[in-house]
Structures are given as structure tokens and as C-alpha cells.
Amino acid sequence: MGAALEIRNLHVSVEGKPILRGVDLMVKQGEVHALMGPNGSGKSTLANVLLGNPAYEVTDGEIIFRGENILEQEPDVRSRAGLFLAFQYPVSIPGVTLANFLRLAINARLKAEDAESKGISIGDFRKLMRAKMDMLQMDHSFAGRYLNEGFSGGEKKRAEILQMAVLQPSVAILDETDSGLDIDALRIVSEGVNKLRGPELGVLVITHYQRILNYIRPEFVHVMYNGRIVESGGPDLALRLEETGYDWVRERFEVAE
Amino acid sequence: MVAVTRRRPTASDAPSYSRADIEALSDKLKEPTWLRESRLAAWELYEELPMPDRTLEEWRRTDYRSLRWDEAGRISAGRDSRLAAIPAANREPLAGEEQGGFLAFINGEVVHSETADTLTRQGIVFTDLSTACRLHEDLVRPNLMTRAVKPGEGKFAALHAALWTHGAFVYVPRGTTAELPIHIVMYNDLPGATLGHVLVVVEDGAQATVLVDYLSAQAQSQSVYVGATELMVGSGANLRYVSLQDWDRQMFEISYQRARVGRDAALDWVIGTMGSRFVKSFIEVELDGTGANAQVSGMFFADKAQFFDLDTQQNHNAPLTTSNLLFKGAAKDTARSLWQGMIKSLPDMQKIDGFQACRNLVLSDEARMDAIPGLEIEADDVRCTHAATFGTLEEQPVFYLMSRGIPRDQAELMVAEGFFEELLERIPFERVQARLRASLEAKIIGSR
């Protein structure tokens, strides 16, 4: 069995206010899913909860990854198990270079497998970084810059995909990776993701717009509204949303507050 | 029968020094008459001034009752210490393979004094203060506790002026750029009292970089350090001054540190406060000449039962002066920190630009941090701003790092180190940055 991510009846609150009201979704390795929906529907909440952001409280349901309920696991454990989140708003960390950060992340994986591990050698790490940066058309000087500090919007998103390329997750969630990108940056980032696609990688692309799906073509499209997935289908569903907007979703699924 | 209760001396009793102690010290150091007289004059002042207590504004929040003068106040006696007793990281050259100027004290005794030929040829004088008083009266006397730190400022300033035990003197002549950095280490491995002094005179158009390390070995009984730092920055001169304190936890430090910055001169001052049990330090910049500029950066990290009280003052005594002060501190366990800042201007000093900020990272529920900014501006065409912020370790960056597989402890460490990074980078020596990072790391991980 591949490393499927399965979300069952997930209910989540923030500061006592329910945001997700019973989400069911399954993303298998090798599949690309798109999760669309209007602002405030709960998409980013779902992304954060999948990685265990402590700001959110799960009130009901399960998240199963590799056959295990991971709700009680810390974010670092989930990451080492193969989950990845490309953040919508990556935070900057002064004093930590992108390269050092990624080396620590790799070494944390190696140490979790083998407490005696000395970590990846500098030489191997450099080779890996260079290869992945070239793939994403990133200047090598990026590696020496402080994590997201002073990065442009496009650079931040590219750095997120670089991290994904280096850490090689089995299921990656891309949270509005297209937001704030101009068309060239969007193309470069999307091409980067496409290069990583394959039978080993499941992807959940979270987006408000259909635009990114012209580059990263999903096999499955889901529509989230008011904390639930209200519609699922194939790529044609995304096109329909592009044409008609979210109004029909609102009309059909409006819930009395 | 008469019952006699004998009270144990407390900190509010003045330490039991006498005029004879001053005379004996002056004899031992074979001091010139002018210096002996100035010490004795300071002693007179000392006897007149009251011990500071909480009725004085600047001591209102300062509690040093746990200081036991009978134990801490004994003047440390030298015992022919060797340079090698100082931790290796504090002995290595600041940059490159060679020392520029390097002067080291142990318990107030000179154990090493070295000045590269490059500096000597430039006419730079770098020696211990006692020697300088004997050989360079013309350079020292007009500057020693006359223009920056004055004996009349308070009980401990007077005590220092009367009883300073050792010191360093740096003189960079007019128009000269000291090509190598100057490094001073004051190390103690015996408990007791030391009173160290640093006097730096950078003449008009001259440039220098000076770093001072204060540290001591773990001790079983109390120590006290009553220090003074005087930085004279001439017109158009440029001084980079770094002072790093990492005393052991039995140390009580009371220090006066003041810079005078001349016309179009620049001072870049970095202060690190990590060690000691108690710190009361007055850090002041006098912007005396038109166009003078000072940047003051402070890092502090209080843990366990440490108490840091840092008073800063930026005095704009001339028009078109700028000052920029940023302190960043953290406190954990039951530590306490207090920063009191003040920007002052003389009347009608127009077009001055002063900034002060203190950013506090509170790492435990029992820790307490206070920051009290202040402004006293008597001019209208000015820009003076202040800020004080308090926060706990931000959860979002920690989550971000953890989401990449990095365990919480390490993620928190990285974020906390990141908090100090912008100030660490203001230290112009990578080696020194590295050792400070390591000591921050040890503090953050500490009792986990």
C-alpha cells in the first residue's frame, strides 16, 4: 500500500469557532488533487491542521497517514513521516540560512531513523542542493541567504518548492502557492512541482483560482465551502468554476449560520 | 546584663574601605602624586555621598540587598596568575592569526600585554592604565574621570575613582586608523572585589576597533565589580567598541560607561550582558558635536535568578546629532531584567534624531522583564522616538521549522537565536559572534 493521506470527518475550531465541519478526503501517492473554494471556506485551515499547527483545535475526526492516525503527532514527526506543506505565507527566520536549515531538516530525518547517524556529508548535501536549485532555476546564492528574509513573493514560493524537492515527501500540500505570483513566477514554480510529480508523490493543490491548474493538472478536483467538501469531480469541475465563479456553490450550499 | 545583638552587615551599609586602603593601593602601584591626590579627593566625595537606595529614581527598582560587602568587597589579591588560566576562546586573536593589541588581566593583575608593531609604529598607545598614568600623564590625566564618568555621580562612581584596581588605556592619535583591532580581557578566578577601568581616547579623525571581555571562573563566594568605561571620540573620529560580559553567577556588577562623541564623529557600540548575578549599569552617550552619530546595540539574556538593570541615556548636546539605540533581551526561569532608557536634548538643539527601543523575549512565566523608555526634549524641530515590546517565542516560526522535521527544542532554539541575530551581526568579528552564539545557545537550552 502506498502512503495515502486520509481525512475522515474532520472538525476543527479556532478559538472556539468551528471552521471545518466534517471534511472527508483521500490523497494517495501518485495522485494530484486540487482543493478549490472561496475565501474563508476553510482551505488553509485544513492545510495547517494536516501538519499539526497548534493554533488549531481538532474537535472530531481523524487524519490517517500511512495507516496511522497522526492527530496526536507533533508537526516534526508528521514531516519526517513524509508529509509536506508549502506555506501560503512562509515566515522568515533571521540567522538561519536556507542551506543550514535544509541540512538540519535532512539530518533530523536521518537521526530519527538512526540515533547514531552523523548526518549528510557537506559534499553530498551541496550536490543535492545544487541539483534541486538548478531544477527550479534558482541562483545558487540563495542557499546562503537567511530563510525567507527579504525574499520576494516569488522567491519565497520557489524556496518552498525547493524544500519540497530536497525533503522528498510522499504527500505534499501546496497552500495557495499561486497567490502573489506573476505569470512567469507561477510557471517556474509549477514546472518545478511537475518535475517532482511521479508515482511516489501525492499532491494536494489548494487554490482559489483555476490558473495554477493550467500548469499543475489535477486528476481530482474538490470544492470546499463553509468547512465541508461539497463537490468532487474531475478536471472539468475546475473549468466550470473558472467560468461560473463560486456563486453557484454559495447558492446551492448556503447554510444558515 | 546587657544584651548585644550584632547585626550582620547588609548591602545598604557602605563597604568598609578606608583612606588607608587607597593609600596602600596607590603606594603599591607606585603612582604619581597627581593620581594619588585625585584618588584621595574621590575618597572624600565617597565618604560624603549616601549609599544609593530605592529613594533614588535610578535605583528605585534595583535590589542589591543580597550583596554581602564583607564577603564580596575584599580586594582580590594577585597570585602570579598565568595567561593560560583564561579560557582559550577569549585569548585567540579577534581576527586572523596575529594579535593586534592584546591586554589581559587576572584578578586585576596584568598577565599579558602585547601590541603589534603595526600599531606601535602608528603612534598608538595601548597599555594598562597604571603604566599609562606613569608614562603618559599628558594623555591620561585630562581624560581620566574628568570628562566622561565623574566621581561625583554617585557613591559607586566615587568608590571607583578612589579605588580602581586596574585598567586599560587606548590612545589613537589624530588622523590615525588603527589597522588592527585591540582586545582587552578582564578575567577573575578569585572571588572578591575588582574595580576595572577602560579609557579609550580616539583623537580627531582617528579610527579604532576595541573589544573588551569580562568574565570569571565559577566561584563559591560573592564578588563585586565596580567598573568604569570612558570612550572619547574626537571630531570626525570613528570608534567601534564591543563590550561583552560573562561573569560567573556570584558576581555583582555596578558599572558606569559613558562615551563622548565629537563633531561628525561616529560611535558604534555593542554591549553583551550574559553573566553575573546582579548587574546595574549606566550606559550613556553624549553627542557633543554637530553631526555626531552613535549606534548603541545591547544584547542581554537573564536566566535562573539573574537580575539585570540597564540604564541607557542618549544626550543630544548639539544640533544635527543622531542616536540609535536598540536593546534586545530575553529572560527565562525566575530572572528579572529592567531597561530604563532616556533621550535628552539641551534646549534648542534642532534637527536631532534620536531613537531608542528595547525588545523583550519572555521565555518563562516566572521571568519578569520591564522596559521604561523616556524622552526629555527641549527643542521642536526634532525626531525622537521610542519603543518597547514584549513577547514570548513566536509559535508560527517554530511551527514552520517543525513542519520540516526539526524537533521542537531545536526549532525553538533557532527562533530564539534568530531574535538576537541582527545584533550579533553588529559585532565585527566572526569568531566572537560564534562564541556569543554558543553562550546564547547554552542559555536557551539551559535547564531543559
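These notebook entries record what I looked up on chain B of a predicted model.

**Entry 1. Chain B against chain A**

I began with the contact between the two chains. I found 19 residues of chain B in contact with 23 residues of chain A. I then looked up which elements of chain B give two or more residues to this side, and they are helix H8 (395–402) and helix H9 (408–424). Sorted by class, the side of chain B that touches chain A holds 9 nonpolar, 6 charged and 4 polar residues.

**Entry 2. Helices H9 and H10 of chain B**

I next followed H9(B) to its packing with helix H10 (residues 430–445) of chain B. The two pack at an angle of about 145°, and their axes are 10 Å apart. I noted the crossing of H9(B) and H10(B) as right-handed. On the H9(B) side I listed Leu413(B), Ala416(B), Glu417(B), Phe420(B) and Leu424(B). These meet Gln433(B), Leu436(B), Arg437(B), Leu440(B), Glu441(B), Ile444(B) and Ile445(B) of H10(B). By class, the residues of this contact comprise 8 nonpolar, 3 charged and 1 polar.

**Entry 3. Helices H1 and H2 of chain B**

The crossing of H1(B) and H2(B) is right-handed. H1(B) contributes Arg19(B), Ile22(B) and Ser26(B) to the contact, while H2(B) contributes Arg36(B), Arg39(B), Leu40(B) and Trp43(B). I counted 3 nonpolar, 3 charged and 1 polar among the residues of the contact of H1(B) with H2(B).

Definitions and conventions
Residues numbered from 1 in each chain as written. Chains lettered and ligands numbered in written order. Predicted model: local features only at pLDDT ≥ 70, side-chain atom pairs only at ≥ 80, totals over all residues. Contact = placed C-beta atoms within 7 Å. Helix = DSSP H or I, 4+ residues; strand = E, 2+ residues; numbered from the N terminus. Nonpolar A, V, L, I, M, F, W, Y, C, P; charged D, E, K, R; others polar. Axes fitted to C-alpha atoms, helices over the stretch in contact; angles between N-to-C directions. Left-handed = near helix turned anticlockwise from the far one by under 90°.
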